[in-house]
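Q: I would like to learn how charged side chains can be read in a structure. Could you take me through the pairs one at a time?

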Amino acid sequence: LGAKVGAAFAGGPAGYLLWHRGFGTSNGHYIAPGELTESMLDAYTHPTTWTTEQIGGPNGFAAQQGGEHRLASLGADIWHTQDAFTFVRTPRTGDVTIQARVESFKEGNDWAKAGVMLRAGLGAASAHISMTLTPVNGAAFLVRPSEGAETTISSLWGVKAPYWVRVSRTGDLFVGSVSADGQTWKEVGRVTGPAPTKVYAGLAASGAGGLVRARISKATIRP
């Protein structure tokens, strides 16, 4: 990582991001919630075929080093009828499975979230299916079945990073699972319902009211 991105993973006041103006320099300052702007985010690139989205407004950034993605978010949450989080996504059509290993959390409150998501659109209220981990509240399978609907949750307690998460779609069936080793999977929840042919598959992180910094590795999407 260059200084622009790597600096934001250094120490600093809780709930703040360190904004660096230039590559390889130290002339930066901490950004409080609400101060992050689209022009700031433009300086952070995600050098992959994936695209970084700020769902619900500017709230963080994402970067990649080798096979590891690093997401930072000051987003309000992935919850209720609207979301605010950092989303690293790619479009997919038809049946799809996305899985990844959530390596660690830094900061974030007890309900901060990081994991994988299939999302119908890029609006704050879009329908989605997500399989996430939290720092202390285990795994959370999150479902918003339609635009603007209330989000439901199925939890699996006692699960902590590093841990694998997966969401799969087969027709109108969506299943969320977790795994300690990426080989043997435990289902956390499932839901059946109509969904658009095209969805966005990707990695998600939300601070749930504070700053969260998550490391996610070994992300794969098939087919």
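Q: In this predicted model, is Arg89 buried or exposed?
A: Burial is judged from relative accessible area, with under 20% as the cut-off; Arg89, at a relative accessible area of 13%, is therefore buried.

Q: With which residue does Arg89 form a salt bridge?
A: Side chains of opposite charge can pair when their charged atoms come close. Here the partner of Arg89 is Glu53, and the closest N and O atoms of the two are 2.6 Å apart. The pair links distant parts of the chain, since Arg89 belongs to strand E7 (residues 82-93) and Glu53 to strand E3 (residues 51-55), 36 residues apart.

Q: What is the distance between the closest N and O atoms of Glu103 and Arg101, and why does Glu103 count as buried?
A: The closest N and O atoms of this salt bridge are 2.5 Å apart. Glu103 has a relative accessibility of 15%, which is under the 20% cut-off, so Glu103 counts as buried.

Q: Which residues are linked in a network, and how many salt bridges does the count come to?
A: Glu68, Arg70 and Arg215 are linked in a network of salt bridges, while the count for the model comes to 8 salt bridges.

How values were computed: Residues are numbered from 1 along each chain as its sequence is written. This is a predicted model: local features need pLDDT of at least 70, side-chain atom pairs count only at pLDDT 80 or more; totals for chains, interfaces and linings use all residues. Side-chain values use heavy atoms; hydrogens and water are left out. A salt bridge is a side-chain nitrogen of Lys or Arg within 4 Å of a carboxyl oxygen of Asp or Glu. Helices (H or I, at least four residues) and strands (E, at least two) are DSSP runs, numbered from the N terminus. Buried means under 20% relative accessible area, exposed over 50%, partly exposed in between (1.4 Å probe, protein chains only).
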